Amino acid sequence: MSSWLDYTINGLIVGNVYALVAVGLALIFGVSRLINFAQGSIYLVGAYIGWVAVVQLHTPLPLTIIFVAVVAALVGLIIERFGLRPLQNSVRIAPLLATIGISFVLDQLVMLTFSPNPRALPSQLPDVRFEVGGGTIGPLDLLIAGVGISSALLLFVFLRYTKLGWAVRAASQDRDAAMQMGVDVNRVNQTVFGLAAALGGVSGLLVGMYYNQIDTAMSLQATLKGVVAEVVGGAGNVPGAVIGSMLLGLVESYGVAVFGTSYRNLFAFLLLIVVLVLRPNGLFASARQAPPEPLTGTFIAPSRPVRIPRWALVVAVALFAVLPLLPVSFYVLQTLINAWLLGMLALSLTLVAGTIGQVSLGHAALLAIGAYTSALLSLTLNVPVGLAIVAGGLMSAALGTILISPSFRLRGHYVSIATLAIGEIVSLVILNWESVTRGPIGISGIPPLSLFGYDLVDPRTVYWFAFAVMVVLALVQGRLLGSHLGRSFRAIRDDDIAARAYGLSLNRYKSLAFIFGGFAAGVSGGIAAHLYSYINHETFNTQQSILALTVVILGGLGNVVGAIVGAVALVGIPEMFRIAAEYRILIYGIVLLLLVRFRPQGLLGTI
Amino acid sequence: MAETIAPLLSLRGLTRRFGGLTAVDGIDLDLAKGGLVSIIGPNGAGKTTLFNLVTGLDRPDAGEVRFEERDITGHSPERLAAQGIARTFQLGRVFGNLSVMDNVLIGAHTRLRAVKPAVPVIGPLLELGLALLRPASVKAEEERLREEVKVILARFGERLLPRIDQPAYSLSYANRRRVEIARALALKPRLLLLDEPTAGMNPSETAEMQALVAELKAEGLTILLIEHKLEMVMRLSDRVIVMDEGKKIAEGPGEQVRNDSKVIEAYLGHGLSGTAEQESAA
């Protein structure tokens, strides 16, 4: 039984760390109704600043903590001032996308400064363990508990007994009323972002010391865990976030005890989905609250789409179709093949995120489902590749829709969180379901593309194949948008309450959108699998989901032509300038930020 | 209330509480087919919450809603729309990025037949297939509805027809209200709930709207109306119900209600000055 006590202690310690992130998220959500996806990046910055302090400056522990808190708070203030404040009067989707962009930029800056290799972050405390009841506990555990509890107390005192704290609470209850009573909402926002960032940074430092290792992958994990804890506790609810964090820590710790470490995250995300579905307001929200005020603003930037004459599209398609006959290099064709594959994914996402307004952050999971289905069918059952790819598309459509369906009753930011979690769950299932997916080894020797018995290995034929598939998918999607379904999808996006009042079932139409979009994404993944000949659980990752989202926003949400133009631009332009791979994600992040700030409707406009 | 024919809509003891506040408190209401009943009362009296309870956007804590003698309490809004209950919203909820035409076509959604075959389980997939293939029957249905939309829009004179392809977000406030009413009419409703159709309209626009509602009533449409402009209420209503703090405090013909001392105290006392402010602001 002693090990159980150990797992409990471990769960509570980890929970304490999550609490530092989650409390920051809850404060920010409370004041600005925003889920800050950059919180994990601040945590990452905290860990690396801590490394600089400990390893290079040799600061004593209290000074290290203060140093990290101050630098992280500064980063938080900069994010608030330059990233989010300019978007105050923008569409509701803008700040969410901005925090995603900021998180990519920060992560990449850290990676470029410190290299992506993991580093050791030595704990500055003596390595001794005390026996407590049958379990053991070390000084670092106590420090983490101490920092967690004292931050919670300080925060409580601040919110309850200081004037600025009152202002924060007032602003989170009713922002407009607080403003009318003379509360300086900008100052409240600054305070909250500074506080949240300081807590997040210290949390990164402590986790780095706890595991004696830091690397850039920490960022996304921290954001995800913090968001899970926050949503479990009830978004915007600070004490709820603390309890949600402890619960998450314990669930994970016991889960690891029973099933092993590779299941840790699976439990976290399953907990999130269960809470989102059963109690979307969190475990501690009162069951029956007043229904949310009708929101008349739309989630999508209003704009008039740029009208492209039909002949221009025909000419463009014809030009790209004859391109391989011209003396172009293998490299150009390769680049465009990648653009067509991304274009198919973008078509799928622009339908789901743009046309029906479900901003999915886990779209790469649909690629993975299509890729694994097609690869396994052709490898183990000798299904012809062409057929296997179609089967991959159908599997993505079916499985993707079933997996996403719990999120159909959610709105806005919650959809993004749920899809992000579902994407992670798919990747974790692929990692752990070894008997089918071959687990971490991945699938190698996937047969090359072929059609009716002819292998497509020549880059020109591969190019034509991918291009033709994408054009057909685009044409069918265009036809869909012109039907009553296109109209119904867009109505649900613009105002789901009014749509329901006119007989549109949200489940039915969201399912249809995901079925249609899932097929396109699955086909893209299937083609990619046969093209790469090797795939594993990391081939289709969150970075690809975010890249697809950037493409879709660049082109204009819901815009079919825009999705393809965006894909060519984001794949082609970095290639044209031969930009090194590690700078590309930085550029994607910056592109996303600039778009959100200056052209939220994208190049060709929202449809 | 001695109704000889069973009412189209009947509410009994309808109650909705939010925490300590009882927003709707034991409301009884009967609305005969072809009738027009208005609900008036100061802001916060619970009128819109009552609408939400009737149209399924909110569930009552107690009480019952009957439509054509069937219990529809707590049914989903989709289901109620399919049964012919249409509403407009107090704050205006048009689909901003949809054109006027598409907004009104959404109103006709429950009447789609050719493209939405009533087949269980695979119905949605058939709908997807039919939407993509568009056989002649689907095309004809869409064409017919488009013509119908134009007829509905013609009711508003030249207000909406010239703007038929413009996105709704680009319309004036009054025109958005009109689009909402057009959308509701496209459902071919058997019961129409109008939530402050003239809010934010100037006197001439209000008169236009009043004429339209009178016309709809003359055509036999059954209407439940929330309205602050008493002039319009008095002219149009068969009966007026006055709500205050969730309760019904008076009911009867307009003139009778107008002279009821409780109403004067609860509503007209501060309500009149409120109306005056609203009109001077408009």
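Among contacts in chain A between residues at least 6 apart in sequence, 79% link residues at least 24 apart; a contact here is a pair of residues whose C-beta atoms, placed from the backbone, lie within 7 Å. In chain B, residues 24 or more positions apart make up 66% of the contacts with a separation of 6 or more. This is a predicted model, in which local features need pLDDT of at least 70, side-chain atom pairs count only at pLDDT 80 or more, and totals for chains, interfaces and linings use all residues. Residues are numbered from 1 along each chain as its sequence is written, while chains are lettered from A and ligands numbered from 1 in the order in which they are written.

Now for the overall build of chain A. Its secondary structure comes to 24 helices and four strands; helices (H or I, at least four residues) and strands (E, at least two) are DSSP runs, numbered from the N terminus. A compact globule of 607 residues would have a radius of gyration near 25 Å, and chain A agrees with its 25 Å. That radius is taken over C-alpha atoms, and the globule rule is 2.2 Å times the number of residues to the power 0.38. Of its 607 residues, 54% count as buried. Buried means that 20 or more other C-beta atoms lie within 10 Å of a residue's own, exposed means 12 or fewer, and partly exposed is in between, with C-beta atoms placed from the backbone.

One helix of chain A is worth a look: α13, residues 330-355. Its 26 residues reach 36 Å from the first C-alpha to the last, close to the 38 Å expected at 1.5 Å a residue; the expected span is 1.5 Å times one less than the number of residues. Still, α13(A) has a kink of about 30°, centred on L349(A), where the bend is the angle between axes fitted to the seven residues ending at a residue and the seven starting there. Because 19 of its 26 residues are buried, α13(A) is largely enclosed by the rest of the structure. Just after this helix, G357(A) takes a positive phi of about 75°.

Chain B has ten helices and ten strands. With 282 residues, a compact globule would have a radius of gyration near 19 Å, and the 20 Å of chain B agrees with that. Its C-alpha atoms fill a box of roughly 65 × 40 × 40 Å along the principal axes, and 46% of its 282 residues count as buried.

Next come the strands of chain B. Four of them form an open sheet in the order β2-β1-β4-β5, with antiparallel pairing; two strands pair if DSSP finds at least two bridges between them. β2 and β5 (70-71) of chain B sit at the edges with a single partner strand each, so one side of each has no neighbour in the sheet. Strands β1 (residues 9-18) and β2 (residues 21-31) of chain B are antiparallel and share seven bridges. Across this pair, L9(B) has L31(B) as its bridge partner, and R17(B) has T22(B). Two residues lie between the strands of this hairpin, where G19(B) takes a positive phi near 55°.

Elsewhere in chain B, strand β8 (residues 222-226) has five of its five residues buried. In a regular strand the side chains alternate between the two faces of the sheet. Both faces of β8(B) are covered, with T222(B), L224(B) and I226(B) buried on one side and I223(B) and L225(B) buried on the other. β8(B) runs parallel to strand β3 (residues 36-40) of chain B, joined by four bridges, and I39(B) stands opposite I226(B). Five bridges join β8(B) to strand β7 (residues 191-195) of chain B, again in parallel; here L192(B) is the bridge partner of I223(B).

I226(B) turns up again as a contact of T48(B), together with Q90(B) and D195(B), leaving aside neighbours within four places in sequence. T48(B) lies in helix α1 (residues 47-55) of chain B, and counts as buried because it has 22 C-beta neighbours inside 10 Å.

Finally, the two chains meet: 35 residues of chain B are in contact with 33 residues of chain A. The elements giving two or more residues to the chain B side are α2 (77-82), α3 (100-107) and α4 (123-133) of chain B.
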